[in-house]
Amino acid sequence: MAYNSRNSSQGGGGGMIIGNNNNSVINRHSSESTPLINNETCEVEKKFAPIPSFWNTVKAFAGAGSFALPGAMTNAGLWIGSIGLVLISILSNYTMNILLKCSIQMTQDRIGPEKPSYADIAQRAFGRVGELFVCFMNFLVTMSICVSYLILIGQNIDYFTKIGYIPMIWIVLPFILLLTFLTDMKYLGFTSIFGALSLILAMFTIVIYGIKDNHVHALSDYTFDFKNIPLWFGNAAFFFCNHIVVIPVSHASGDNKRYPNVLNFAMIFITIINVAFAVLCYLYYNFSVGGIPSAIVDVLPDGIFANIVKVCVVLELSCSFPLIFAAGLNVVDSSIQVFHKHFNAFPELNSSDKAPFFSRNWKFYLIRIIFCSILAGVASAVTNFGNYTSLIGSLMLAVAGFVVPPLLSLRFFPQQAIPWKVFHITITIFGVMATILGTYLSIKAFVEPSK
């Protein structure tokens with residue numbers, strides 16, 4: 001999950017799609033890009049590339065959210081949990097297509113940037129207030145994802161050091177911080193495919209060990225509390241509501257009108273892999289010693305192969321952190337002139353100029369030190385990874401995925417049929433109610449962990 005608002009011929013900073021980010025001057029009519037996208041440049045019109053676009057989309061969903069899904073199943077049970085994940089995926093895919101339709105409409109109307117971002121779409125629909133809301137929402141989402149990465153990095157390294165995951169977060173932080181000092185995130189682009197393969201390898205290894213060491217009980221033994229279903233929803237939203245990356249991926253595909261078909265197939269693939277992973281882990285680990293941990297990667301046992309998998313996960317998350325972190329700062333940089341003036345690596349550099357490897361702006365480094373320290377502090381305070389991802393999924397990603405897109409559709413297409421208006425209003429109401437319930441129960445779970 002990673003995103004940039006609108007930097008001309010630049011990539012943002014994200015975690016799965018790699019671009020070119022030189023942190024140059026703000027261009028109100030530039031295209032959106034993200035460091036999660038494998039694109040050579042945004043300046044040259046490209047032919048439609050469905051296969052790279054498919055894998056860019058898949059990589060955009062590969063991350064920490066997958067490891068929280070098995071634990072989420074314990075809050076909803078086998079049938080509600082698995083079928084619900086499929087339904088959330090379908091609904092998320094539908095609202096992503098809404099954003100793509102709005103983007104295409106803006107392009108056809110030739111209003112605003114040639115390749116509009118999520119924030120540009122919100123600006124056209126709701127003015128400057130809408131733009132700022134979406135920008136800061138995207139910023140908070142990317143920072144929250146960075147926190148989840150720090151937690152998993154600390155937990156996996158602590159598996160070897162045994163000194164506690166919180167000290168490990170602070171020990172590793174300086175090394176990760178150095179990566180955030182890069183002025184162009186394309187230098188980390190090579191880690192994208194490695195990261196996706198590492199996470200798939202980890203998922204496969206976890207399932208194999210579960211089948212090897214445990215067995216499936218009678219289905220009647222798998223019980224849950226209906227009151228915890230909103231917690232399950234938060235984790236589902238954390239994983240599937242990746243709306244802030246779908247628009248830049250569509251632009252990088254070369255033809256945003258044909259990209260929706262790619263998105264549909266990618267979502268089918270993503271859903272099958274992750275629902276199967278969540279279900280198998282739930283069936284095989286639910287009655288293991290200690291049950292299902294909030295981050296399922298913790299179940300990996302001692303052994304050379306399992307240790308290699310943990311190291312790969314740590315390396316992938318460590319390289320993804322600066323990409324996503326940079327994307328979050330770029331979101332603010334693209335909309336807040338004061339931030340760009342003081343904290344951009346090269347505030348006076350023209351977008352056509354090549355950025356130097358190092359910045360001479362000391363405030364560029366200071367803001368990264370401050371924010372990374374804050375994120376490490378938040379990660380150190382999180383006591384349950386599953387509750388954290390549920391909180392972020394409910395509070396932020398559900399809003400980005402189920403509340404804002406239907407409202408944008410109503411503003412962009414006011415002539416749509418009454419049944420469609422009712423349907424979109426219903427999705428918005430569902431998103432608001434799920435956000436309120438999921439956020440309340442997630443906070444309650446932090447306050448009363450024993451319950």
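**Burial, cysteines and a surface patch in a predicted model**

User: What makes the nonpolar surface patch of about 680 Å²?

Analyst: In this predicted model, the patch of about 680 Å² is made by Trp79, Ile83, Val86, Leu87, Ile90, Val216 and Leu219. Leu219, one of these residues, lies in the loop between α6 (191-213) and α7 (229-240).

User: Why is Leu219 called partly exposed?

Analyst: Its relative accessibility is 47%, and the partly exposed class covers what falls between the buried limit of under 20% and the exposed limit of over 50%; Leu219 therefore counts as partly exposed.

User: Why is Lys162 called exposed, and where does Lys162 lie?

Analyst: Exposed requires a relative accessible area over 50%, and Lys162 has 61%, so Lys162 is exposed. Lys162 lies in the loop between α4 and α5 (165-180), and its phi is near 60 degrees, a positive value in a residue other than glycine.

User: Why are Cys102 and Cys146 called buried?

Analyst: Buried means under 20% relative accessible area; Cys102 has a relative accessibility of 0% and therefore counts as buried, and Cys146, at 0%, counts as buried too. Cys146 and Cys372 are both touched by Phe321, whose other contacts, not counting residues up to four places away in sequence, include Tyr149, Leu150, Ile176, Thr180 and Leu375.

User: Which residues have the most contacts inside the largest nonpolar core, and which helix gives the most to this core?

Analyst: That core has 128 residues, and those with the most contacts inside it are Phe67, Leu85, Tyr118, Ile206 and Phe321. Helix α4 (residues 118-161) gives the most to this core, with 20 residues.

User: Why is helix α2 called largely enclosed by the rest of the structure?

Analyst: Nine of the nine residues of α2 (residues 65-73) are buried, so the helix is described as largely enclosed. The buried residues are Gly65, Ser66, Phe67, Ala68, Leu69, Pro70, Gly71, Ala72 and Met73.

User: Why does Thr428 count as buried, and what is Thr428 in contact with?

Analyst: Its relative accessibility of 10% is set against the limit of under 20%, and Thr428 therefore counts as buried. Thr428 lies in helix α14 (residues 418-447) and, leaving aside neighbours within four places in sequence, is in contact with Phe402, Val403, Pro406 and Leu407.

How values were computed:
Residues numbered from 1 in each chain as written. Predicted model: local features only at pLDDT ≥ 70, side-chain atom pairs only at ≥ 80, totals over all residues. Heavy atoms only, no water. Buried < 20%, exposed > 50% of the residue type's maximum accessible area, 1.4 Å probe, protein only. Patch = residues over 30% accessible without salt bridge, like charges linked within 9 Å, V, L, I, M, F, W, Y side chains within 5 Å. Areas by Shrake-Rupley, 256 points an atom, 1.4 Å probe, with all protein chains shown as cover. Salt bridge = Lys/Arg side-chain N within 4 Å of Asp/Glu carboxyl O. Helix = DSSP H or I, 4+ residues; strand = E, 2+ residues; numbered from the N terminus. Contact = heavy atoms within 4.5 Å. Core = buried A, V, L, I, M, F, W, Y, C linked by side-chain atoms within 4.5 Å.
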